[in-house]
Structures are given as structure tokens and as C-alpha cells.
Amino acid sequence: MLTISDHSRALDGVTYVYPVLSRRAGGVSVGINLNPNNACNWQCVYCQVPGLIRGKAPKIDLARLESELRAFLTALCRGNWLPHNAPEGSRVLRDIAFSGNGEPTSAVEFAEAVALAIRLRAELGLDTTAALRLITNGSLLGQARVREGLRRLAQAGGETWFKVDAGRADAIERINGVRLAPRMIARNLKVCAALCPTWVQTCVFRWNGLPPDDAELDAWLDVLTGVGAAIRGVLLYGVARPSLQPAAARISPLSAEELDRIAMRVKEKGLTVHVSP
């Protein structure tokens, strides 16, 4: 039975497709994992991927991806998969999401995979019921093939969830494991929002027992307000599953009240915010 505390990508005999119960999507999400080699160009401290390594996606077998996605969506929508695997009240397909075990846009075949998902969604009559989403750190938007994938996603009514976890270089390095200036994240966010409807997603938590301080939150809000109306809003969420990274012991959840207080600060900036504890 799916739970929000287990987002395992392990599905017997399947390489690229996996189901999860998504807090933010509000039901079952069918994930497309273009990083089955557990490789990512970031190493976020809260990441639940086992054996995460630095790198990019391997060559994608598009024929296998198509076969797996068609078979799983058919079983989910026309068979009895949902009542046997999803809890009551969550037995609905909310989206098809490019997420997985690393940065999905690192796949050379990313744009082709987007086109494939769009075609299968239409083939199975899911255009109006299942959203198409990309969950990304946005770091590869300088590449033309990535921008083309976003254009295709936008043309199909899809959207992007763009990771912004901090607004200071030291905090970005501590949380995301990369040396990156906040202005670069803001630039990539603007490019993304111009190509495809975009939400910011932010994971907040305690570090060594302490919540983010006002200076950290102010810097993060500066990045968001610098983009302003170009983004749809902010998806604010806490840690619900154990990290499998080396610094896992240093992070712990915020309370629902603490998350709500941060959300209020976002609202005060005139931005829409949704909270998932």
C-alpha cells in the first residue's frame, strides 16, 4: 500500500516508471525516473535516493520507457491497481511527473521523453485528468534541449516545480550540495517561468535542531520576489521521509505551526503558497 512516508522507485521488472502517494499532488503520482543510475548533479541533504552519486542520466531506452508507461497507466486507469495499492480517499491519478532519482533534465533524451508522455496521456484519454509535471533544480536550463522539453511541456498544459531551497550561497551549498550564487538560481527561475508555468518548491527543516533564521528566510524570499508574478506560487513542504545522505542526522522536521508561519511570510510578499507538512 502506498504511503507518503515511502517513495521507493523499486517496481519489479520496471526501469523507468514508479507510483507514489504525493502530498503536494494530493493523490497518486506516476513518476518517470530518467536517472535509474541514481546520479544527480546536486546532492540535497534531505534526498531519499539510496547510493546517490554525482553525475547525469544514462542513455534512455525510449522504447522501453513507452512500453512501461503505457502498461502501468493502463493498469492504473483501466484495471484494479488503485484499490489494491492506494489508500481510500487517495485512489485518483493526479499527475505524470518527471522526477526520479536525479535531475531529469540531465537526460539527453529529455525532450523526446516529454513528447512520449504527452502522446501516451492523450492515447489513454488522460488529458483532462492527469497533469504533466517536471520536478527540477533548473540548473541545466542553459541547454537548448532542456528548453525545448519545457516548451513541449507548456504546449501540453504542463507545469514545472522548480527547486529553490535557500537564498544565500552558504545555505545553498549546505542544503543542495552545490556552489551556486543566488542570482544564478533567480536567472534560471526566470527562464523557466518564461517557458512553462512554474511553481517554486521549497523544503524547509531544522538543521542541528534549529529552524531557518530570519536572515536565511529573508534571502530566500528575495530570490522569489525578484521573479515575482512570473511564478505561480510556492509549494512549501517539510521532511516526511528519512534522508539517506551523509548529513541525515543533522536535519529534522519543523512543526506544522512553524511551516505556517513561514507560509505567512510568503503571503505577505503577495505570493500564493501551499503547505505540505
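Predicted model: local features only at pLDDT ≥ 70, side-chain atom pairs only at ≥ 80, totals over all residues.
Residues are numbered from 1 along each chain as its sequence is written, and side-chain values use heavy atoms, with hydrogens and water left out.

Back to our pair. Helix H6 covers residues 182–195, and its axis comes within 9 Å of the axis of H7, crossing at roughly 35 degrees. Axes here are lines fitted to C-alpha atoms, for helices over the stretch in contact, and angles run from 0 to 180 degrees between N-to-C directions. The helices (H or I, at least four residues) and strands (E, at least two) are DSSP runs, numbered from the N terminus.

Which residues of H6 meet H7? They are Pro182, Ile185, Ala186, Leu189 and Lys190, and they meet Val223, Gly226 and Val227 in H7; contact means heavy atoms within 4.5 Å. This contact has six nonpolar residues, one polar and one charged. For those classes, Ala, Val, Leu, Ile, Met, Phe, Trp, Tyr, Cys and Pro count as nonpolar, Asp, Glu, Lys and Arg as charged, and the others, Gly among them, as polar.

Now meet H3, residues 110–123, which packs with H4, residues 144–155, at an angle of about 15 degrees, the axes being 8 Å apart. That makes the two roughly parallel, a label for angles under 35 degrees. Their crossing is left-handed. On the H3 side, the contact includes Phe110, Val114 and Ile118, and on the H4 side, Val146, Leu150 and Leu153 are among the partners. The contact of H3 with H4 has eight nonpolar residues, one polar and four charged.

H3 has another partner too: H1, residues 62–78, packs with H3 at an angle of about 30 degrees, with axes 10 Å apart. H1 and H3 are therefore roughly parallel to each other, and H1 passes H3 in a right-handed crossing. Among the residues in this contact are Leu62, Leu65 and Leu69 of H1, and Leu116, Ala117 and Leu120 of H3. Here we find seven nonpolar residues, no polar and six charged.

The structure holds two cavities of 30 Å³ or more. On a 1 Å grid over the protein atoms alone, a cavity is a set of points where a 1.4 Å probe fits but cannot get out, while a pocket is an open set with protein on both sides within 12 Å along at least five of seven lines; lining residues have an atom within 4 Å of a point.

The largest cavity has a volume of about 50 Å³, and a volume is the space filled by probe spheres set on the points, which are joined across faces, edges and corners. What lines the largest cavity? There are 13 residues, with Thr105, Thr136, Gly138, Leu141 and Val146 nearest its centre.

Finally, the second largest pocket has a volume of about 250 Å³. Of its 19 lining residues, Arg174, Ile175, Phe205, Pro212 and Glu216 are closest to the centre.

Notes:
Parallel < 35°, antiparallel > 145°, perpendicular 65-115°, else oblique. Left-handed = near helix turned anticlockwise from the far one by under 90°.
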